[in-house]
Amino acid sequence: MYRSIPVPEITDFAITNARILPIADAKGQRVEPIESGTIRVSNGTITSVESGTVTAADLPADTELIDAGQRWVLPGFIEAHGHLGVHEDGEGWSGDDTNEMTDPNGAGVRALDGIDPSEIGFKDALRGGVTSALIKPGSGNPIGGRTAFVKTWGRIVDEMLVTQDLSVKSALGENPKRVYGEKNVTPSTRMGTAKILRDAFVDAQNYLAKRAHAESEGTPFERDLVKETLADVLEGKLAFDQHCHRADDIATAIRLSEEFGYRLVINHGTEGHKIADYIADKGIDVILGPLMTSRSKVELRDRSLATAGALAKAGVRIALTTDHPVIPINFLIHEASLAVKEGLDPVVALEALTINPAAIFGLEDRLGSLAPGRDADLVIWSGDPLDLNSRADQVFVTGRKVYEFDAAAGTADVADPFGPTLISEP
């Protein structure tokens, strides 16, 4: 499936003779495709996107020319909710670091500390044209911990990191109720889960007041990592990524966010179609999915591929997710394709994989579009990505070509970030 190759250098290049879908312009506004155009990249950044083709004579001597042969070029996709590297696909117990379920309030936990860049899911991500992901710590706790946004290629997670200052993962519904109910401790009901969240935010409010008082008095103050994280949520520095499936759980998430004044992002939103107008009126974003999963628990019984279209038509900004490894991350594009089949506008479907997740978390100035100044995270597709027969032919992460499909061999070359390691015999 994958063949390791040496890591190429980051070089200046231009992709020409391409059907370009920039998705959005530098201001984040929707733009039309360019039927035959050129993208120029320098030092890992997109420098221009223009109509027309160029030749080598039009470029500086040290710039590589890539003829796309009228293939499609899009921004790299963004997985907006996944467990890449913290729940390693095919590794079982030893590779599952998703949930620290020893304390219902895990706000002090950070996904960054559990990510293994060698997980095969990172290669699968490239296979599916996914060049970045927001990795979240679990859904077994009412409060799971701080998320981490990373590029999907690299050797050390600190080098892959875009930022870990985006959001905190939280969960309502069946998961925390089941996990802690089995331990016969709070929360064992939906009411108990809401209480845990209220208690945590009241503690964070008190912490903020005490910290402000200490600063005004110039006196020492004892830091608390759990309360500091939630204080950042209350101050608007971090969003609250709320796992909720049922419509009543979505309503509870909204109620709590309004009670404490933090920015809520609905994750999963399985029954969002039932209250799509309510979510739209509240101006809340939804990271929807996974859409292809089975009805593995009661709160998924009304899962529908039509939910994406219903939410978008109501005016809700959506992103899509595989919840990797629940669904393989390379199937992210297929989630979009199936949603289109059930009523989602194809343009919105691609936005839900690119500019929407970037904008939801304030990263649209770097990711989610092919606009000058953006990271050169881009993918050359064999055709329309929403077509099941299309595949990612070449993938660039920050201007470095890290993936190329070899059609003749039926395999893919992936730049090995670890490289060959020589181990001397004893």
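1. Gly144 sits in strand 9 (residues 143–146). Strands here are DSSP runs of E with at least two residues, helices are runs of H or I with at least four residues, and both are numbered from the N terminus. This is a predicted model: local features need pLDDT of at least 70, side-chain atom pairs count only at pLDDT 80 or more, and totals for chains, interfaces and linings use all residues. Residues are numbered from 1 along each chain as its sequence is written, and side-chain values use heavy atoms, with hydrogens and water left out.

2. Is Gly144 buried or exposed? Gly144 is buried, because its relative accessibility is 6%. Buried means under 20% relative accessible area, exposed means over 50%, and partly exposed is in between (1.4 Å probe, protein chains only). Gly144 touches Gly106, Val109, Pro137, Lys169 and Ser170, leaving out residues up to four places away in sequence. Contact means heavy atoms within 4.5 Å. Ala107 is 37 residues from Gly144 in sequence, yet their C-alpha atoms are 6.1 Å apart.

3. The protein chain is assigned domain 1 (2–75 + 374–415) and domain 2 (77–361). These bounds come from an automatic or database domain assignment. The C-alpha centres of the two domains lie 30 Å apart.

4. Look next at the domain interface. In domain 1, 27 residues are in contact with 24 residues of domain 2. The area buried between them is about 2200 Å², and carbon and sulfur atoms give 69% of that. Buried area is the accessible area (1.4 Å probe) that two parts lose on being put together, summed over both.

5. There are 3 salt bridges between domain 1 and domain 2. A salt bridge is a side-chain nitrogen of Lys or Arg within 4 Å of a carboxyl oxygen of Asp or Glu. Asp377 and Lys151 form a salt bridge through their side chains, at 3.1 Å from N to O. Strands 6 (72–75), 17 (378–381), 18 (392–397), 19 (400–406) and 20 (411–415) each supply at least two residues of the side of domain 1 that touches domain 2. Strand 18 gives the most to that side, with 4 residues.

6. By this salt-bridge rule, the count comes to 30. Asp241 and Lys136 pair through their side chains at 3.2 Å, N to O. Asp241 lies in strand 13 and Lys136 in the loop between strand 8 (130–135) and strand 9, so the pair ties together parts that are 105 residues apart in sequence. Both Asp241 and Lys136 are buried.

7. Two further salt bridges deserve a look. Asp248 meets Arg246 at 2.7 Å, N to O. Asp248 is partly exposed because its relative accessibility is 34%; Arg246 is partly exposed, with a relative accessible area of 24%. Asp375 meets Arg366 at 2.7 Å, N to O. Asp375 counts as buried at 9% relative accessibility, whereas Arg366 counts as partly exposed at 32%.

8. Glu299 lies in the loop between strand 15 (285–288) and helix 8 (307–314). Glu299 is buried, because its relative accessibility is 0%. Beyond its neighbours within four places in sequence, the contacts of Glu299 include Glu174, Asn175, Arg190, His243 and Arg246.

9. Glu174 and Asn175 are among the buried residues of helix 3 (residues 174–181). What do the buried residues of helix 3 pack against? They pack against strand 12 (167–171), helix 4 (190–217) and strand 13 (239–244).
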